[in-house]
Amino acid sequence: MLCSLVLMSLASGNLSKPESLLMEIDPKRMRATVEKLASFHTRNTVSPGLEEAAEWLAGQYRALPGMQVEVMKYVIPKGRRVPHDQEVVEVIAALPGADDRRVIIGGHMDTINLQADPLTGRAPGANDDGSGCAVTLELARLMSGQAWPHTLVFVAFSGEEQGLYGSKALAKRAKAEGWHIDAVLSNDMVGSSGNKHGQKDEHHVRVFSEEPTKDNPGHNSRELGRFIEWTTRGKVKGFEVKLVFRRDRFGRGGDHTPFVEEGFSAVRFVEVHEEYGRQHTPDDLPEAMDWNYLANVARVNLLTLQTLAQAGTAPTDVLIKRDQSHDTTITWKHEGSRPFVVYWRETTSPAWQGSETVGNVGQATIRGVNKDDHVFAVGTKGGIPVEAK
């Protein structure tokens, strides 16, 4: 009955407003999550502390209405930071929707101290990445109170510090089991607005994304990044997305990448000014974090997740009519009964500059915007746009 009501709401265009839960983001609750995670002596993937932290997080998710929680097991292989092959765990909490389309959000719960033995060295990992786990859990708490069209999956990855092993295991599983994943949002180090060198930015969070390639054409990660910036622009007071058109930082990696490599659209959220002196050391403590900044990152994620959770099916065969005209006509194929939105930007602009909602149609003409100077895309309302060719 609940799924039927969701579908009826979609058909009528009566979607939940993404801004409705923004004020319910609680910095104190997220701080308590980070402080609890940092209280474990270490959460290194090969230490007993990881399983203890996983059980605690799983218990938090099990307490939420409608949540289906799995402590997933996989084998991490012997390597530079792993003394021997070992079975380890990560936490996957799913909130079933009206269909099997999925949106994944996560952070990694494991930590590392590169200055000490992995089993005995203190590795609190407050910002790296208790912050991402806190954002993920906070959004699960808020979104579990209502039904959503698509299934939402909240993940606490492990094995990140040893080589993204947990996200690799889940991405390969998703591909093998045929999961329909619309987007993956990875939050890794999102709780600090400044560093020890005096650099500070309280007003932006970076979103890293990459283009599809000839060898991996199936994902739409760059458009996911643009869509996040467009969807959240001006909706979190004094806070915006800073787009970075790279897979990740130089010489670094994150849990979004294994999903991209399997053909899923995925991006990484990360603070603007990292403090490298706290990363992978015992100094990564809660008192060095900025809780208002973390709350704003959570609000950006919430707006994005709520929107994607209600998106219609993406159009196909999005084409620009190749006539000589001061206007631009675009055609596409589609299914379902959702309204569509046409987006455009100048060829030199990294972000979308304009849009027009055109209804449940397969063709639209944008008056006064010429095809020569602009890039166009079409998406369902709330869905990632597909670039017009």
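1. Helix α3 (residues 48–62) and helix α4 (residues 126–143) have axes that come within 10 Å and cross at roughly 20°. That makes α3 roughly parallel to α4 (angles under 35 degrees count as such). The crossing of α3 and α4 is right-handed. Bear in mind that this is a predicted model, in which local features need pLDDT of at least 70 and side-chain atom pairs count only at pLDDT 80 or more. Residues are numbered from 1 along each chain, and side-chain values use heavy atoms, without hydrogens and water.

2. On the α3 side, Leu57, Gln60 and Tyr61 make the contact, and Thr136, Leu137, Ala140 and Arg141 do so from α4 (contact means heavy atoms within 4.5 Å). Four of these residues are nonpolar, two polar and one charged.

3. From α2, the contact involves Pro27, Met30, Arg31 and Val34, and from α9 it involves Trp291, Asn292, Leu294, Ala295 and Ala298. The residues of this contact divide into seven nonpolar, one polar and one charged.

4. Finally, a look at the strands. Strand β13 (residues 363–366) has Ala364 and Ile366 on its covered face, with Gln363 and Thr365 on the uncovered one. In a regular strand, side chains alternate between the two faces of the sheet. Strand β10 (residues 328–333) runs antiparallel to β13, and four bridges join them (strands pair if DSSP finds at least two bridges between them). Within this pairing, Thr328 stands opposite Ile366.

Terms used
Helices (H or I, at least four residues) and strands (E, at least two) are DSSP runs, numbered from the N terminus. Ala, Val, Leu, Ile, Met, Phe, Trp, Tyr, Cys and Pro count as nonpolar, Asp, Glu, Lys and Arg as charged, and the others, Gly among them, as polar. Buried means under 20% relative accessible area, exposed over 50%, partly exposed in between (1.4 Å probe, protein chains only). Axes are lines fitted to C-alpha atoms, for helices over the stretch in contact, and angles run from 0 to 180 degrees between N-to-C directions. Angles under 35 degrees count as roughly parallel, over 145 as roughly antiparallel, 65 to 115 as roughly perpendicular and the rest as oblique. A crossing is left-handed if the near helix is turned anticlockwise from the far one by less than a right angle, and right-handed if clockwise.
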